[in-house]
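Dear colleague,

I am passing on to you the structure we spoke of, with the sequence alongside. Please look through the coordinates first; my notes on what was found follow below.

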Amino acid sequence: MAVSERKHNYYSPGSEARDLSTAPRIDYPPEEGPRRQKTRRPNHKRRNKRKNLIYLATMVAVTGIIFVFCVQYLSIKGATSGMSADIAAMQEELNELTIMNDELEAEINTNIDYDKIYKTATGEYGMVYPNKGQVRTYNADGEGYIRQYKNIP
């Protein structure tokens with residue numbers, strides 16, 4: 001019998017439902033929270049879109065500037081390498097011309113007959129070597145030139 005008493009005994013003190021119709025009614029102010037959130041979300045979306053557009057425009061501008069600098073750098077680099085090749089070619093040409101000039105000078109100096117020049121100067125033109133008192137020397141002061149205002153005695 002103890003088991004059957006447990007099955008039918010559902011009531012426990014204080015478990016009955018209370019009547020809420022007798023309680024005074026409380027009027028709460030309407031909630032404005034959700035409305036504000038609805039109006040703020042589109043503003044945040046607009047702000048985020050503006051920020052994204054500004055960020056995108058900035059990145060495009062920076063990328064463009066970097067691209068222009070790279071193109072200019074490559075063009076200058078190409079020009080300097082071309083100039084280096086021209087300089088090397090001109091140095092080679094200068095070396096060849098210097099060698100040719102030295103060869104021509106040596107050929108000219110070998111064809112000079114100093115004895116014939118001496119005989120012509122002393123015989124035909126009456127030239128003689130100067131005496132000790134006739135030669136005057138001076139020291140040149142660095143670079144420049146000398147102007148002669150009078151005949152040398």
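Reading from the N terminus, the elements of the protein chain follow the order α-α-α, and the secondary structure amounts to three helices with zero strands. Please bear in mind that this is a predicted model, in which the protein chain averages a pLDDT of 80 and 74% of the residues score at least 70. Among the elements, helix α1 (residues 2-8) has the lowest mean pLDDT, at 52, whereas α3 has the highest, at 91. Where pLDDT is low, the predicted coordinates should not be read in detail.

As for the surface, 1% of the 153 residues of the protein chain count as buried, and the chain exposes about 16,300 Å², of which carbon and sulfur atoms supply 58%.

One of its members, I112, lies in the loop between α2 and α3, the latter helix covering residues 114-123. I112 counts as partly exposed because its relative accessibility is 32%, a value that falls between the limits of 20% for buried and 50% for exposed.

Finally, a word on Y118, which is placed in helix α3. Its relative accessibility is 44%, and Y118 therefore counts as partly exposed. The C-alpha atom of Y118 is separated by 9.8 Å from that of V128, the two residues being ten apart along the chain.

With best regards

Methods: Residues numbered from 1 in each chain as written. Predicted model: local features only at pLDDT ≥ 70, side-chain atom pairs only at ≥ 80, totals over all residues. Heavy atoms only, no water. Helix = DSSP H or I, 4+ residues; strand = E, 2+ residues; numbered from the N terminus. Buried < 20%, exposed > 50% of the residue type's maximum accessible area, 1.4 Å probe, protein only. Areas by Shrake-Rupley, 256 points an atom, 1.4 Å probe, with all protein chains shown as cover. pLDDT = per-residue confidence, 0-100.
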